[in-house]
Amino acid sequence: MAVLILGFLPTNAGAQTAPPVPQGRFLKQTVLIGEPLDYELRYEHAPDLEVVFPDSLAQFAPFEYAGKTFFPTRTRQGVSLDRAIYHLRTFRLDSVQTLALPVAVLQGPDTLSILPPPSRVRLRRTVAPLSANTAELPALRQNLALVPVEPIFNYPYWIAGVLALLAVLGGSAALFRRRLTRRYRAYKLRKNHGYFLAQFARHVERFELSRSATNVERAVVLWKNYLARLENSDLNSFTTRELVAYFENDSDVRKALNATDKVVYGNLQTEDAAEVDRAFQRLRGFAERRYASLNAA
């Protein structure tokens, strides 16, 4: 069985039985500078022999290590085969370059490093070598043609731009927060006031058509709920006496609520309709005055 480790143990030449020699070879005979090159290392041995193949820390000079492909041990007819392919590159200018990767064989406390026969590869040149009589180097050929480059999304600049925009927005919000809050509050007050006037006018119209005490009660409840939101208090739970006291005995509030209480809690008379109409006008007018005073604050 073969395994890969980070290095080799010291070699002891006192082994009694000489193990077989591994085989190493390049998978092609010529190579260009920087071109990928594969080196195959094979070792056939007895199944009970422990074998260690070189790893990335081995000496690959004059080549550079780029990776490896390791194959599991295969045993047939009493012979085990270990095999690995090393992916290399070379940037040396030697015409012929050789390599022999050792295999470590573990025999009890001893370790035997066995080298395969050196394998050679020839460097394939794309430019003819200069003769010894050449005094000057050949002139370089320049190529000024533009090569199209695919644009790349510039994440750092975009992230910096987004952060700057957020900083500006945050500063603006902190600077104009009071003004924006005031405008938003005025918008909500205006919207609620418009809704109140529309609903109140609908209850008044229904009362004029039916002269029903139910419509009077609904109009008063709507008025109380609107003022409760406007004043930010629980005015909708106040009695008539508490409302008059809260609004400092305002004449419109006192007269309007007294008139509506007679209709809601008493019997509506025909001659009382005009008084109820005046009560509605007083309630609506008071609500508009309170809205105007709070909106101007």
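**Salt bridges in a predicted protein model**

Good morning. Let us begin with Arg-289, which is partly exposed at 41% relative accessibility; buried means under 20% relative accessible area, exposed over 50%, and partly exposed in between, with a 1.4 Å probe and protein chains only. Please note that this is a predicted model, in which local features need pLDDT of at least 70, side-chain atom pairs count only at pLDDT 80 or more, and totals for chains, interfaces and linings use all residues. Residues are numbered from 1 along each chain as its sequence is written, and side-chain values use heavy atoms, leaving out hydrogens and water.

What is the partner of Arg-289 in a salt bridge? It is Asp-250, with the closest N and O atoms 3.8 Å apart. A salt bridge here is a side-chain nitrogen of Lys or Arg within 4 Å of a carboxyl oxygen of Asp or Glu. Asp-250 lies in the loop between α4 (240-246) and α5 (251-265), and Arg-289 in helix α6 (residues 273-296), so the pair ties together parts 39 residues apart in sequence. Helices (H or I, at least four residues) and strands (E, at least two) are DSSP runs, numbered from the N terminus.

The structure holds 10 salt bridges. In another of them, Glu-40 pairs with Arg-83 at 2.4 Å between the closest N and O atoms. Glu-40 sits in strand β4 (residues 37-45) and Arg-83 in strand β7 (residues 79-90), 43 residues apart. Is Glu-40 buried or exposed? Glu-40 counts as buried, at 4% relative accessibility, while Arg-83 is partly exposed at 25%.
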